[in-house]
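Start with the view below, then read on.

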Amino acid sequence: MKTGKIVEIDASTHQKVQKLLPWMLDDSLSTAEQRMVRDHLLQCAECRADLDWQRQVQSAQPAMQAEPDVERAFAALSERLAPVNRAGSARPRQGMAAWLQNVWRNLRPAPWQHWAMAAQCAVIVGLGLVLLKSPADAPAQFHALSATPSAAQSAAAAGNVMVLFKPETPERELRRILQAHGAHIVDGPTVTDAYVLYLPPAGRDAALAALRRERAVALAEPLDGGAGR
Amino acid sequence: MFGLLRKNSEPPQAKPGHGRDESGDLRLIGQIVAGDRRAFETLYRSYFSRLARFLDRMTHNTALIEEIINDAMLVVWRRADTFDHSCKLSTWIFSIAYRTALKAIGHRDEPVDADPDLQHGDAMHEPEAGFIQQQLQQRVAQALGMLPLEQRMVVNLTYYHGMGYEEIAGIMECPVNTFKTRMFHARRRLKTLLADTAE
């Protein structure tokens, strides 16, 4: 039975609800706002019709007309990312001290690199032992024509130190280190990115110690079981 | 009238912006601060389509949209350490993209015309219901294209990106009340435009 009761709509609430209606579609209003809107919707046919109309507009989301391609776009962006030194560009320039800090930050290995280096060390030591044991255990089966190298030449050809440089070390720095310590590359980079070096026997232990002090050197180990540790 | 088409319309499409769990993206932004390019690529790909849909209401120029996204994401890459978590990550990224787009299009506020051919798509080969739905989409696209830029983007973010009013106000950098009023006027204008196109 109809009571004939007339519900008066609060004009102020109506205005507030009108402005909040679009966000009823996705329930992104606060709990209090939702309650106010729901209460008002029960009484206001105009707002119910408005909400219904907005649902229709939302359901008719226009199709995109442009056809951007993520692969193409990212390839273009990658070219711009390549030369960016993130650490350097993210902070204002602060002179040489800041630059040196950035260099050190780049050279310093990330936590996962410690594990990678440990694995590399194990492989290098293993390879070193194999190299040391090979001549004694297995007699040479092949001889290079008739040439008989001198003892010094053989030692130089074999190398006597294994070095692992930090991955970010530029070639220029690597060259400087080699020249500074009178080292020559005999082999490398190996599969573990290590280099076999030859250091003159006379000052080898001192050169090895100096190599270990180089910031770019992650590991330097003798291959002939000599001192230097 | 517009309402007559309703029974043939499909349910609203999913709106990825609303209620999206940002915890994964926040983890990515932390990795990006540390210089992780792979994390950046993951974030880039997760935002690309959303930004593209957002920008498509500002310009239909494909190359320009890709350029705007790249410029905006380059800012994200370079300035990730300045994101202070005072707003949602999506608000921050959309805000950058919006400002980048305004600069790129020179704030010309040109109406974005809907291309009937593109809007119809394969309508001729689809059932009638699909055709009617696409007609509806075309009318909405035309009406949206005639709104002033700011009103158009407000409607776009509210209806098609499922963003709350505070988030949109943050993106457009305007007070919440101003923004709500802007949306109110945008709806009235849109209603008039849709009624006109139905005649």
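## Helix pair in chain A

In this predicted model, α1(A) and α2(A) lie roughly perpendicular to each other. That label follows because angles of 65 to 115 degrees count as roughly perpendicular, and these two axes cross at roughly 115°. The axes come within 10 Å. Helix α1 of chain A covers residues 11-20, and helix α2 of chain A covers residues 31-43. The crossing of α1(A) past α2(A) is left-handed.

Which residues of the two helices meet? From α1(A) come A:Thr13, A:His14, A:Val17 and A:Leu20. From α2(A) come A:Glu33, A:Met36, A:Val37 and A:His40. Four residues of this contact are nonpolar, three are polar and one is charged.

## Helix pair in chain B

In chain B, helix α1 takes in residues 23-33 and helix α2 residues 37-55. They pack at an angle of about 140°, and their axes are 8 Å apart. The two helices are therefore oblique to each other. Roughly antiparallel would need an angle over 145 degrees. Again the handedness is left: α1(B) passes α2(B) in a left-handed crossing.

The α1(B) side of the contact holds B:Asp25, B:Leu28, B:Ile29, B:Gln31 and B:Ile32. Facing them in α2(B) are B:Ala39, B:Phe40, B:Thr42, B:Leu43 and B:Ser46. By class, six residues are nonpolar, three polar and one charged.

Terms used. Residues are numbered from 1 along each chain as its sequence is written. Chains are lettered from A and ligands numbered from 1 in the order in which they are written. This is a predicted model: local features need pLDDT of at least 70, side-chain atom pairs count only at pLDDT 80 or more; totals for chains, interfaces and linings use all residues. Axes are lines fitted to C-alpha atoms, for helices over the stretch in contact, and angles run from 0 to 180 degrees between N-to-C directions. Helices (H or I, at least four residues) and strands (E, at least two) are DSSP runs, numbered from the N terminus. Angles under 35 degrees count as roughly parallel, over 145 as roughly antiparallel, 65 to 115 as roughly perpendicular and the rest as oblique. A crossing is left-handed if the near helix is turned anticlockwise from the far one by less than a right angle, and right-handed if clockwise. Two residues are in contact if their C-beta atoms, placed from the backbone, lie within 7 Å. Ala, Val, Leu, Ile, Met, Phe, Trp, Tyr, Cys and Pro count as nonpolar, Asp, Glu, Lys and Arg as charged, and the others, Gly among them, as polar.
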